[in-house]
Amino acid sequence: MRLKLLSDAIAVAGNELRQFRRNRTAILISLIVLPLFFTMTIGASSGGATTHFSPTADIPIAFIDKDVSTDSGLLLQSLRSSGDFNNLILGYREDNAVATLGSGKIYAAIVVPNGFEGSLNNNQTGNIILYADDGEPGVADQISSTLSRDVQNFNPNVVVQAETSGLGQIEVLQKGAVFSGFNVGLVVVLGLVQIFAAFYEIAGGISKEREDGTLARILVTPSGIASILLGKTLFDSLLTTIRTFTVLGIAVFLFGARPNTDVGTLLVVSLIISLLTMGFGFLLSAIRVGARAVVIIEFFLVLFLFAFSGLIIDSELLRGISKDISYALPWNYGFQILRRTVLIGAPLTSLTGYLLPVLGATVLFYVSAYGIFAFSRERLAF
Amino acid sequence: MRVPRDSLAISFKEIRQLGRDPISLILTFMFPIVLIGIFIVIAGAFGAPSYNIPVAVADLDNSPASQVLVNRMTTSPIIRVVELLPTEDQALSLVQGGSVLGAVIIPQGFGQSLLTTGRAFVVIQTDNSKITTPTLILAAVNIEAQNLASTSGAQFGVKQATVSVIVRPISGRPPSGDQILPGFLGMITVLGAFDDIVNAITRERERGTFPRLLLSPVNIISIYTGKMVATVLLTVLRTTLVLIIFVLMGLTIHGNILLVYLTTALIAVFTLSLGLVMSARIRGSSTLTILEITLTFPLFSLSGVFQSPELLASGGRAIASVLPWTYGNEALRRVIYLGLGPSAIAGDLLILFVSSLVMMPISLMLSRRTM
């Protein structure tokens, strides 16, 4: 009995694989476009995993020194050597710099007002003014926070500014590994690529088979529903494995990513997330969702994951119903597992709190899909 | 004379067809509402007055100054001190175990150092696998440390900051999530136009009506122009819907509203032109939609919807600079948020227009070849 289930499942997987091999578009989207495009986008946006990237480094910013003092000169030198402001432009007057803001030529203007040095000499706080183009999302906040951080450590009595040469205040030292934007992005890409592809391959594939009439034929063959589900799962697990290696290959060899865990763990986590998504795909297929609806659901699923799975904002910061949605989405726990393994290097065995909801939801999806398929098997039109 | 008349006839056909397909009709207008709904949730979370992020504190100093700092942190609206621990290791293990998202360690000698040198430090350990919470914890501890300096500075010997930065945004308005809203309008326009192309070409191919349309005495230029006019009309309707929602949310449209419509129409025309090129090669509506969604999500991070392309790494900036959508989103922000006029966005609109002009002949050529 078990052997028949397995041999039938392998036959179904073989059939899926043959169909897949004959569909060039499917190969292109599933194995090339998805992993390549997502990973390259993250790499292009946040730089490589090994390079230091300061978002403000290359932004053109006017520097207007109205004090023309030793201290203001030292401040300019300090900012230039910080690595955060490599594109400070001199020669603007305050009024024409402000007038130029909004045109895209400069995105901010740093003005050192008259009396800056005098204030510092009198042990008072020296003010500098930052005019920022807040029409560009994030630019004003980013420049202001980077500038505030850099000037916090400015000491006019020291010619070469040390990194932590604060004069006063209580300094806050951040301890622990800081992950590059690329490594954080890699977690998102690894999860999203599997969800995106697995859902479309399962739900989209079955809905297409239903529209072509081949699903009804498969269902009347002596293969059991369990064999069909298992066969499709085996086939998609193979694609998941290929995708995982593609994403990892690009990330490691092209962008220098160094995941904090071994390849085996990464593959297992990818498969866990993929299985969860496949289960969801089977469930939707069981309730006869059409090909167009699959695409629409896929779009909203990805949107929901972006909003509620900590991809834009950590789920701990969500409030009210959005927090409830976040906790109800099993993929949210999948992303937590990816984060804690890829970034922190936590072993899978220590993540049972996250693994249980994912595995529970996967079992629930598969059992429900099996039940619905079995219940409506006699109706060949389904 | 014949081309405009035929184009108009095709565009009316498109609108009539959409009117008779309730699912497509609902979808075309549901996208904006759902997207904005999700944005409200995200923006609400970003702008929340309090977060209560769980942190552990290890006060190894137990001096009057450290106790004041701990008291301040317990009243912070951003962090919530859930554990006061005697050792650093205990605090760090809580972070590593995921029970808290950050640990603040006040080292031994903190108070003494403040009194003698006017300087001291605290250490924080955060769960850096999270996207936003480490920054918030750092900011919260910084704020409380600064507050300690400003209110109890004399008592504990803390000096004021050497240099402070006064920020003056050119809009003259306080920081808000309003800068992102124009990008959302751009995003909705792109998604809507992609949906239109699926309706306009691939679904027509699947139904078998596209060859019939091509065999009718209508020029292919008229067919494509007609479909484009229909998309522009739908874009105008979607833009109106989105602007109404924006206004209800309290956003003020500072610039000329006609410029907003012109920009979204040009974004839609370019997207449709690109879609026509893609649909010449990809025949299935599901495949085309999935490919479009695949391309859309990464493009949003590159074309400045959520954050300015200026903040991207050099590779990202280079890609952003060749994407016409980047210029569309920028134009929308400059008009809606900054209230700038036509001269400020003329270059952006020209890029969108020229890009569409380049795409159209390519799509016509490919369509003729694959007819």
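How many of the 371 residues of chain B count as buried, as a percentage? The figure is 50%, where buried takes 20 or more other C-beta atoms within 10 Å of a residue's own, exposed takes 12 or fewer, and partly exposed is in between, with C-beta atoms placed from the backbone.

Some housekeeping before moving on. This is a predicted model, so local features need pLDDT of at least 70 and side-chain atom pairs count only at pLDDT 80 or more, while totals for chains, interfaces and linings use all residues. Residues are numbered from 1 along each chain as its sequence is written, and chains are lettered from A and ligands numbered from 1 in the order in which they are written.

**Stop 1: chain B as a whole**

Color chain B by secondary structure and you get 14 helices and five strands. These are DSSP runs numbered from the N terminus: helices are H or I with at least four residues, strands are E with at least two. Next, color by domain, using bounds from an automatic or database domain assignment. In chain B, select 20–44 + 173–369 for domain 1 and 50–156 for domain 2. The centres of these two domains of chain B, taken over C-alpha atoms, are 47 Å apart. A contact here means two C-beta atoms, placed from the backbone, within 7 Å.

While you're in chain B, select N62(B), in the loop between β1 (53–59) and α3 (64–74). N62(B) has a positive phi, near 55°, in a residue other than glycine. With 13 other C-beta atoms within 10 Å, N62(B) is partly exposed.

**Stop 2: where the chains meet**

Show both chains. The contact takes 82 residues from chain B and 87 residues from chain A. On the chain B side, elements giving two or more residues include α2 (22–46), α6 (133–156), α7 (180–207) and β5 (163–169). Which element gives the largest share of that side? Highlight α11(B), which supplies 12 residues. By class, the chain B side has 49 nonpolar, 26 polar and seven charged residues. For the classes, Ala, Val, Leu, Ile, Met, Phe, Trp, Tyr, Cys and Pro are nonpolar, Asp, Glu, Lys and Arg are charged, and the others, Gly among them, are polar.

**Stop 3**

Over to chain A, where domain 1 is 2–50 + 180–375 and domain 2 is 61–152. Their centres, again over C-alpha atoms, are separated by 47 Å.

Select α10 (263–286) and α14 of chain A: their axes come within 8 Å and cross at roughly 25°. Axes are lines fitted to C-alpha atoms, for helices over the stretch in contact, with angles from 0 to 180 degrees between N-to-C directions. That makes α10(A) roughly parallel to α14(A); the label goes to angles under 35 degrees, with over 145 roughly antiparallel, 65 to 115 roughly perpendicular and the rest oblique. Among the residues that meet here are L276(A) and F280(A) in α10(A), and F365(A) and A369(A) in α14(A). This contact has 14 nonpolar, three polar and no charged residues.

The axes of α9(A) and α14(A) come within 10 Å and cross at roughly 135°, which means α9(A) is oblique to α14(A). I225(A), A226(A) and L229(A) are the α9(A) residues that meet α14(A). Their contact has eight nonpolar, no polar and no charged residues.

**Stop 4: three residues in chain A**

- R288(A) sits in the loop between α10 and α11 (291–308). Its phi is positive, near 60°, in a residue other than glycine, and R288(A) is partly exposed with 14 other C-beta atoms within 10 Å.
- N332(A) is in helix α13 (330–344). Is N332(A) buried or exposed? Buried, because 21 other C-beta atoms lie within 10 Å. Leaving aside neighbours within four places in sequence, its contacts are F308(A), S309(A), G310(A), S315(A) and S326(A).
- S103(A) is in the loop between α4 (94–100) and β3 (108–112). Draw a C-alpha distance from S103(A) to D133(A), 30 residues apart along the chain, and you get 9.1 Å.
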